[in-house]
Amino acid sequence: MSEARPHSAARVTLLFFLGVAGVLLILEHRAHLLGAWPLLWLAACVGAHLFMHRGHARGGHGGH
């Protein structure tokens with residue numbers, strides 16, 4: 001049972017450092033992220049459309 005503790009502590013430490021690194025990355029690159037937001041939003045919309053309508057080529061919506 002003592003083997004689970006080091007793995008758990010290592011996992012918590014890794015998640016903590018990844019979280020700190022993520023926050024610092026966002027803070028340092030905020031201008032780039034905000035500048036790319038419209039493009040990312042458009043890409044997400046196109047991706048959602050393709051995902052939701054992937055069955056059209058195979059006759060997925062019956063009457064369409």
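The model is a predicted one, in which local features need pLDDT of at least 70 and side-chain atom pairs count only at pLDDT 80 or more, while totals for chains, interfaces and linings use all residues. Residues are numbered from 1 along each chain as its sequence is written, and side-chain values use heavy atoms, with hydrogens and water left out.

The secondary structure consists of two helices and zero strands. Both kinds of element are DSSP runs numbered from the N terminus, a helix (H or I) having at least four residues and a strand (E) at least two. Of the 64 residues in the protein, 2% are buried. Buried means under 20% relative accessible area, exposed means over 50%, and partly exposed lies in between (1.4 Å probe, protein chains only).

Helix H1 covers residues 4-28 and contains Leu 27, which counts as partly exposed at 46% relative accessibility. Leu 27 belongs to a nonpolar surface patch together with Phe 16, Phe 17, Val 20, Val 23 and Leu 24, and the accessible area of the patch is about 580 Å². A patch takes residues with over 30% relative accessible area and no salt bridge, joining like charges within 9 Å and nonpolar side chains (Val, Leu, Ile, Met, Phe, Trp, Tyr) within 5 Å. A salt bridge is a side-chain nitrogen of Lys or Arg within 4 Å of a carboxyl oxygen of Asp or Glu.

Helix H2, residues 30-52, has 23 residues and reaches 31 Å from its first C-alpha to its last, close to the expected 33 Å; the expected span is 1.5 Å times one less than the number of residues. None of the 23 residues of H2 is buried, so this helix lies largely in the open. At Trp 37, shortly before the proline Pro 38, H2 has a kink of about 50 degrees, the bend being the angle between axes fitted to the seven residues ending there and the seven starting there.

Aromatic rings complete the picture. Rings of Phe, Tyr and Trp (its six-membered ring) pair if their centres lie within 6.5 Å; planes under 30 degrees apart count as stacked, over 60 as edge-to-face and the rest as tilted. By this rule there are two aromatic pairs. Phe 16 and Phe 17 form an edge-to-face pair, 5.5 Å centre to centre with 70 degrees between the planes. The rings of Trp 37 and Trp 41 have centres 6.0 Å apart and planes at 35 degrees, so this pair is tilted.

Technical notes
Accessible areas come from the Shrake-Rupley method with a 1.4 Å probe; for residues, only the protein chains shown count as cover.
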